[in-house]
Amino acid sequence: MKVASGTPEAYGARAVVYADFIDGLDLSGDSRWITAWARSISGPILDLGCGPGHWTAHLSAQGHEVRGIDPVPELVELARARHRGISFEVGGTDDLAPDAGYGGLLAWYSLIHLTPGAIGPALAQVRRALHPGGGLLLGFFDGDHRMAFDHTVTTAYT
């Protein structure tokens, strides 16, 4: 997964601040989208780019079999500490096993740091990791296609 240069390091340096920031947001609108989507999923769910694990924990609390992966080791450590009993690993789209058999894959604002040329290959990896008919829920920022912008942490793309 080709993220913008310095992205994992930028998130790693701000992992606790970022996790606390997420904890302070009103995510009720996002929660409705994710909850409704997850109800339609049959089989295990992968939270790709899980960050501090808030959506992974949300899905687990709803009774879904779910695990989270993130390319930032510091965020994975926080997720493990904050949400014991849920599987979190360091990784990204390049680490998705073909035919992994996921019923659903959540990539909620986690692909925003991929360079524009990396989106197609990343989505191909996602497709191979889903079982036939599996569901994908993506979160992105709205804007001009493939435009870089200054995200709070580091460069992101619309």
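**Figure 1. Tyr102 and its partner in strand E5.** Tyr102 has Leu130 as its bridge partner in E5. The two residues belong to a predicted model. Strand E4, which covers residues 102–108, pairs with E5 in the parallel sense, and 6 bridges join the two. On this sheet packs helix H4, which touches E1, E2, E3 and E4. The direction of H4 makes about 175 degrees with that of E2.

**Figure 2. The open sheet.** The sheet has 5 strands in the order E3-E2-E1-E4-E5, and their pairing is parallel. Strands E3 and E5 (130–139) are at the edges; each has a single partner strand, so one side of each is without a neighbour in the sheet. From one strand to the next, the twist averages 20 degrees. Strands of a sheet pair through backbone hydrogen bonds, in either a parallel or an antiparallel sense.

**Figure 3. Strands E1 and E2 with the crossover through H4.** Strand E1 spans residues 45–48 and pairs with E2 over 4 bridges in the parallel sense. Within this pair, Leu48 stands opposite Ile69 of E2. To get from E1 to E2, the chain passes through helix H4 (residues 54–61) in a right-handed β-α-β crossover. How much of strand E2 is buried? Of the 5 residues in E2 (residues 66–70), 4 are buried, and the strand is thus described as mostly covered.

**Figure 4. Strands E2 and E3 with the crossover through H5.** E2 also runs parallel to strand E3 (residues 87–90), to which 4 bridges join it. Arg67 has Ser87 as its bridge partner in E3. Between E2 and E3 the chain goes through helix H5 (residues 73–82), and this β-α-β crossover is right-handed too.

**Figure 5. Helix H5 and its buried side.** H5 lies across E2 and E3 and runs at about 170 degrees to E3. Which residues of H5 are buried? They are Leu75, Val76, Leu78 and Ala79. Around the axis these residues cover an arc of only 160 degrees, which puts them on the same side of H5. An α-helix has 3.6 residues a turn, so residues three or four places apart point the same way.

**Figure 6. Thr35 in helix H3.** Thr35 is part of helix H3, which covers residues 28–39. Is Thr35 buried or exposed? Its relative accessibility is 11%, and Thr35 therefore counts as buried, the cut-off for buried being under 20%. Leaving aside residues up to four places away in sequence, Thr35 touches His58 and Gln62.

**Figure 7. The whole chain, for orientation.** The protein chain contains 6 helices and 7 strands. Along the sequence, these elements follow the pattern α-α-α-β-α-β-α-β-β-α-β-β-β. Of the 158 residues in the chain, 45% are buried. The accessible surface of the protein chain is about 8,000 Å², and carbon and sulfur atoms account for 52% of that surface. Among contacts between residues at least 6 apart in sequence, 67% join residues at least 24 apart.

Methods:
Residues are numbered from 1 along each chain as its sequence is written. This is a predicted model: local features need pLDDT of at least 70, side-chain atom pairs count only at pLDDT 80 or more; totals for chains, interfaces and linings use all residues. Side-chain values use heavy atoms; hydrogens and water are left out. Buried means under 20% relative accessible area, exposed over 50%, partly exposed in between (1.4 Å probe, protein chains only). Contact means heavy atoms within 4.5 Å. Accessible areas come from the Shrake-Rupley method with a 1.4 Å probe; for residues, only the protein chains shown count as cover. Two strands pair if DSSP finds at least two bridges between them. A crossover is right-handed if, with the strands pointing away from the viewer, the path from the first strand over the helix to the second runs clockwise. Axes are lines fitted to C-alpha atoms, for helices over the stretch in contact, and angles run from 0 to 180 degrees between N-to-C directions. The arc is that of the directions from the helix axis to the C-beta atoms.
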